[in-house]
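Here is a short briefing on how parts of a protein model meet. Look over the sequence and the structure before reading on.

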Amino acid sequence: MNVKAIMRATLGAALVVAAACGYADELNMRVGVTEVSESVYGLHMLILYICCGIGVIVFGAMAYSIYHHRKSRGAVAAKFHENTRLEIFWTVIPTFILVGMAIPATQVLIKMYDTGGEDMTVEVRGYQWKWQYKYLDENRNNTLSFFSSLATSQDEIHNKAIKGEHYLLEVDNPLVVPTGKKVRLLVTANDVIHSWWVPDFGVKRDAIPGILNDIWFIADEPGIYRGQCTELCGKDHGFMPVVVRVVPEDEYRDWYSAQSAAYTEREAMARQTFSPDELMTMGEQVYTKVCSTCHQANGQGLPPVFPAISGSPVATGPRDAHIAAVYNGRPGTAMQAFSAQLNAAELAAVIHYQRNALGNSVGDVTQPVDILNWAAAQ
Amino acid sequence: MSAVIETHHDDHHHGPGKGITRWLFTTNHKDIGTLYLWFSFIMFLVGGAMALVIRAELFQPGLQFVHPEFFNQMTTNHGLIMVFGVIMPAMVGLANWQVPMMIGAPDMALPRLNNLSFWILPFAGGLLVSTLFMDGGGPNFGWTFYAPLSTTYAPPSTTFFIFAVHLLGASSIMGSINIIATILNLRAPGMTLMKMPLFVWTWLITAYLLLAVMPVLAGAVTMMLFDIHFHTSFFNAAGGGDPVMFQHVFWFFGHPEVYILILPAFGVVSQIIPTFARKPLFGYDSMVYAVASIAFLSFIVWAHHMFTVGMPLAGQLFFMYATMLIAIPTGVKVFNWVSTMWRGSMTFETPMLFAIAFVVLFTIGGFSGLMLAITPVDFQYHDTYFVVAHFHYVLVPGAVFGIFAAVYYWLPKWCGRMYDEAMGRLHFWLSFIGVNLTFFPQHFSGLAGMPRRIPDYSIQFADFNMWSSIGAFIFGFSQLILLYTVIKTIKSGEPASDRVWDGAHGLEWTLPSPPPYHSFTHPPVVTDAEAHS
Amino acid sequence: MANAAEDKSIYYVPENGWYPVWVALGVTCLLVGAGRWLNAIKVGGEPSFIVLWAGVIILTVVLFSWFNKVIQENHAGLPNAQVKRSYVWGMSWFIFSEVMFFFAFFGALFYARVFAVSWLGGEGDKGITGDYLWPQFTPDWPVVNNPDPSRFTNPHESMASPGVGNWLSYLPFWNTLILLSSSVTVHFAHTAVKNNNRGGLKAWLGLTVALGALFLFVQGYEYHHAYQELGLTLGSGIYGSTFFILTGFHGFHVTLGTFILLMQLVRAFRGHFKPDDQFGLEAASWYWHFVDVVWVCLFIFVYVL
Ligand code: HEA
Ligand code: HEA
Ligand code: CUA
Ligand SMILES: [Cu+2]
């Protein structure tokens with residue numbers, strides 16, 4: 001009865017394997033689009049086959065023995081309990097196999113560590129829960145920077161809308177790089193450890209606060225490549241995708257100048273004055289997009305870690321303290337220094353919103369110039 | 001206390017105490033072993049229920065049942081409870097029951113310390129679980145609690161989490177001291193080291209691993225405590241520290257820890273296979289040396305969990321090579337088990353079924369471990385479900401099946417009654433199917449790119465996750481069969497003979513079933529036939 | 001059946017006892033109390049000490065009774081030589097686990113000095129970290145200028161040794177001598193009891209306790225000096241962190257050791273210990289030697305190098 005069960009299980013397993021081969025593409029690691037990712041894929045297949053081979057031998061011997069050396073088949077136990085030659089054999093052979101794996105692995109690893117000779121450099125900075133990309137010039141000065149956060153709607157996440165094709169793997173502003181260029185990434189983080197991963201590039205590296213890691217890739221194929229943050233970084237770790245758009249070089253140039261122009265334009269907003277209604281609308285947008293992951297859309301927060309904004313002594317008290325909290329953040333907590341992410345207009349708007357909505361009604365109006373004045377006074 | 005105190009113990013007549021005090025105050029290795037095993041089983045249900053919360057949430061894409069914040073708490077506590085509350089106590093429970101009987105001792109060497117080691121556990125476990133109900137929620141930073149998520153950004157309950165870890169560590173350290181003293185000092189005359197049953201050997205080595213690494217874990221959480229409350233900067237670069245340093249200290253503990261979880265199971269399987277193959281264990285000496293080599297190597301491979309933190313190249317290479325080496329002694333063990341079965345005269349009672357499944361499925365988990373060891377490829381596997389699949393293969397059909405096998409193997413000895421074989425087999429087959437259905441598809445979702453520790457995933461991973469969740473529920477609920485079978489055995493099993501299994505060798509089988517309260521009041525004579533199986 | 005007090009081939013297994021469960025309860029109360037206290041301080045609340053004190057009281061009472069009981073059993077001759085060997089193994093491996101506890105902190109010290117600080121300072125394999133993120137930080141040890149002094153206040157000065165020539169005015173050096181000689185005196189106490197020299201036992205043991213207390217006093221003075229005059233605190237970056245955690249836990253162990261030796265002294269005055277049976281004293285002296293060895297490592301790696 002037993003043996004039949006075992007045979008049946010084996011048959012079942014064989015069927016599963018056969019079925020699996022049917023859509024093998026979805027079952028295996030992706031080959032990816034860079035030279036590195038291809039070598040990694042090759043290594044992966046090499047070890048996989050070796051393991052399968054050893055598995056077949058070991059499990060085959062076991063299965064044979066289980067079938068033939070059963071008491072119910074009248075098998076009589078032999079007496080042997082050692083065989084030095086055999087034991088040496090199965091110590092030495094695996095050693096050789098391992099050396100055979102280690103050599104190509106070492107070669108690939110050394111190649112990965114060759115970060116020099118880059119064509120461009122981007123700083124990648126992890127925040128709870130978004131990525132910041134800073135394009136750097138030769139002197140590592142910032143020339144363009146933006147944040148990249150999840151673009152999937154809350155409705156999709158909460159099953160109130162049909163999930164799109166790139167559910168959870170889409171962002172508002174992807175990282176854009178040209179084809180065929182060696183892109184060097186300087187990876188770090190602002191708060192906790194994150195990890196920047198794009199499977200198709202064969203690149204994954206932890207983003208560690210206060211520490212810098214450098215990695216590189218060259219993507220020849222234009223396309224959109226998606227990955228995720230792979231180090232547990234708190235509540236919304238699952239909602240922190242990485243998207244890279246690889247485009248031909250001239251397209252990249254166009255994109256870059258358009259971005260730079262938009263960047264300056266946004267900065268110009270900081271000198272304007274807005275009506276309270278405009279501030280309210282803009283503030284709500286910023287709040288929903290940036291602040292609500294922690295302080296929640298209704299302003300109730302998730303105490304005690306994420307304080308409520310509704311009725312908060314800061315959001316209803318003297319304005320300077322409110323500005324300070326948002327502008328500088330609170331070092332050592334998840335509350336980031338938003339001066340690095342929002343311009344004066346956005347800061348003014350979101351502060352105005354927090355003071356006059358979400359159940360608060362201080363009644364004052366905060367203009368971009370108030371922020372600038374406050375900052376200048378520091 | 002002046003001079004001599006008159007005491008009228010009738011030492012060796014004292015039997016079990018009355019009522020609840022029997023359990024609270026006991027100094028008896030069997031009672032304490034029983035306590036450990038029941039504690040472990042209860043925690044298995046608790047930790048398993050958490051796993052079921054995880055699997056229920058992951059049944060489909062989208063957020064269904066729990067908030068991401070709570071999901072993280074489930075993941076963290078599931079990992080912690082399974083490791084510290086289930087596997088380790090169960091193994092210590094087995095050691096308590098078996099080691100004195102297998103080496104011909106009356107009891108453990110330090111009986112009162114033994115009681116203390118156990119009773120710390122419920123308090124520590126209670127404290128750990130209670131953090132879930134505290135303000136701001138329980139630990140939510142993964143069972144590996146990487147700084148600074150676990151320090152600067154942690155919920156207030158972390159203080160209690162840290163103290164719970166201290167308590168768990170203290171319990172393990174005292175338990176190991178006891179086991180070492182017992183094995184080194186209480187062996188019956190003639191029981192030389194190289195005649196000890198393998199279960200005793202694996203536990204001796206495990207106890208040393210524990211002694212060496214639990215204090216390091218205590219050091220790691222102590223540094224966390226200081227970073228949280230005393231403004232130190234061990235794990236903060238702004239003060240000259242380094243978050244990566246936490247990981248080094250943690251994994252210096254953490255990697256040997258995973259062998260702490262598996263070595264006693266190796267021992268169990270090395271007892272069971274010879275019994276049911278009716279043939280002596282193949283390569284006893286090399287089995288012992290292999291365990292010792294694994295233990296040694298386990299101290300120099302820790303950074304294979306940290307390939308993506310950006311270590312210098314030399315470090316990456318060293319840790320890759322060292323990790324790969326572990327395949328060699330482990331392979332020796334696997335080959336020896338197969339050779340023990342070879343040309344034996346096998347029967348397949350429940351313990352043997354679990355032992356065979358152990359060998360096959362653990363080896364599969366070992367293979368994926370080896371794949372993870374290859375640094376450049378680990379960049380792709382790291383922190384995906386491929387890792388989750390790896391470690392559940394070595395932990396669930398590895399360590400947990402090892403414990404199941406041991407329980408079925410020795411239960412008739414412990415309570416003098418035979419378990420219901422049909423129920424045992426039913427438990428086995430449901431577990432076997434459930435476990436593979438749960439964890440095999442996770443290899444695929446991992447390779448396809450699904451990160452671990454996420455409450456929601458993109459739609460391409462939906463099929464695998466659905467299967468995995470179904471498997472988890474099958475596996476989880478089949479454990480109720482184990483509960484039922486054990487209770488039934490205790491209450492109304494058929495009386496068991498002293499030797500129980502016709503192929504069994506070893507001192508424990510020379511005792512009556514159930515064995516007397518103090519196993520060997522006078523040391524037995526060790527004959528060759530009863531020396532290592 | 002025979003009695004362990006008469007038949008020396010019997011391994012004495014104590015009967016059921018209430019001590020261990022209460023110790024478990026006491027320790028838990030102690031830690032829970034401490035946790036509540038720490039958390040209250042952190043948010044500026046009013047700490048309550050009830051649980052903490054409950055733990056302290058339970059532990060004091062129970063441990064005292066427990067040890068008393070063991071001593072009584074010993075006087076009644078219940079444990080045979082084999083049981084005593086178990087105590088020896090138990091104590092030795094306990095000390096080993098303590099060594100590993102310190103190993104974690106020494107490991108942190110080495111890692112910080114050799115890797116973290118150099119990388120943050122722009123040197124070594126990951127020097128790019130310092131170049132890009134902490135350009136103004138220089139990797140000197142002891143670190144008196146932190147990468148970000150606004151978050152971790154710089155100390156004015158470190159505790160580092162001034163060079164062998166000036167050791168006579170360097171307190172840690174004197175503390176080293178104090179502790180080393182106390183290791184010698186405790187050894188003499190042990191030899192004294194083995195030679196049945198009760199007077200010598202009390203004298204040497206008393207001297208050891210006094211030296212332990214003196215060491216602690218000097219250490220306390222040092223800490224005061226560090227906090228008040230050097231601005232060196234737990235919060236002054238990685239140097240202060242490693243310095244205080246290592247010396248602090250060592251000091252804690254010296255305190256425990258001194259207390260244990262004090263208890264042995266009390267026992268000596270009560271006529272305990274025989275030339276062939278003084279494990280309590282012996283274990284205490286091992287512990288003391290261990291604390292001493294840790295200090296020597298500390299002196300070398302924390303103060304001198
Ligand atoms: C019981 C527990 C257990 C055991 C025994 C193992 C065994 C092994 N583990 Fe595993 N591991 C874990 C528990 C365990 N692991 C856990 C819990 C984690 C995750 C922690 C976390 O992040 O939460 C982990 C993670 C983990 C990683 C990190 C992955 C990552 O996060 O990126 C790595 C990388 O090297 C690894 C490697 C190995 C290796 C090489 C072995 C080897 O010991 C395996 C050796 C066995 C064999 C190889 C099979 C038998 C051998 C033969 C038949 C001989 C011939 C074979 C060949 C020559 C190929 N493990
Ligand atoms: C020995 C250890 C061990 C064991 C036995 C298990 C058992 C299981 N584990 Fe676990 N697991 C870990 C150790 C273990 N795990 C670790 C270390 C992690 C990493 C944590 C981290 O990332 O930090 C992890 C993470 C982990 C994850 C990944 C979570 C994530 O990344 O977000 C998943 C997901 O599927 C999972 C699933 C399961 C399942 C389905 C089981 C099943 O085997 C469970 C079986 C179920 C039961 C036994 C339930 C029985 C209960 C009932 C029948 C209900 C009755 C209930 C009551 C009476 C209360 N585990
Ligand atoms: Cu960021 Cu995970
Ligand atoms: Cu490991």
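Two residues are in contact when they have heavy atoms within 4.5 Å of each other. By that rule, 98 residues of chain B touch 93 residues of chain A. The model is a predicted one, in which local features need pLDDT of at least 70, side-chain atom pairs count only at pLDDT 80 or more, and totals for chains, interfaces and linings use all residues. Residues are numbered from 1 along each chain as its sequence is written, chains are lettered from A and ligands numbered from 1 in the order in which they are written, and side-chain values use heavy atoms, leaving out hydrogens and water.

**Chain B against chain A**

- Together, chain B and chain A bury about 8,100 Å². Buried area is the accessible area (1.4 Å probe) that two parts lose on being put together, summed over both.
- Carbon and sulfur atoms supply 70% of that buried area.
- The interface of chain B and chain A holds one salt bridge, meaning a side-chain nitrogen of Lys or Arg within 4 Å of a carboxyl oxygen of Asp or Glu.
- Lys71(A) and Asp502(B) form a salt bridge through their side chains, at 3.6 Å from N to O.
- There are 25 residue pairs in polar contact between chain B and chain A, both residues at pLDDT 80 or more. A polar contact is a pair of N or O atoms within 3.5 Å; within protein, one must be able to donate a hydrogen and the other to accept it, and residues adjacent in sequence count only if both atoms are side-chain atoms.
- The side of chain B that touches chain A has 59 nonpolar, 26 polar and 13 charged residues. Here Ala, Val, Leu, Ile, Met, Phe, Trp, Tyr, Cys and Pro count as nonpolar, Asp, Glu, Lys and Arg as charged, and the others, Gly among them, as polar.

**Domains within chain A**

- Chain A is assigned domain 1 (3–69 + 83–112), domain 2 (120–268) and domain 3 (272–377). These bounds come from an automatic or database domain assignment.
- The centres of domain 2 and domain 3 of chain A, taken over C-alpha atoms, lie 26 Å apart.

**Domain 2 against domain 3 of chain A**

- In chain A, 15 residues of domain 2 are in contact with 15 residues of domain 3.
- Domain 2 and domain 3 of chain A bury about 1,000 Å² between them, with 44% from carbon and sulfur atoms.
- One salt bridge crosses the interface of these two domains of chain A.
- Lys289(A) and Asp172(A) join their side chains in a salt bridge, 3.3 Å from N to O.
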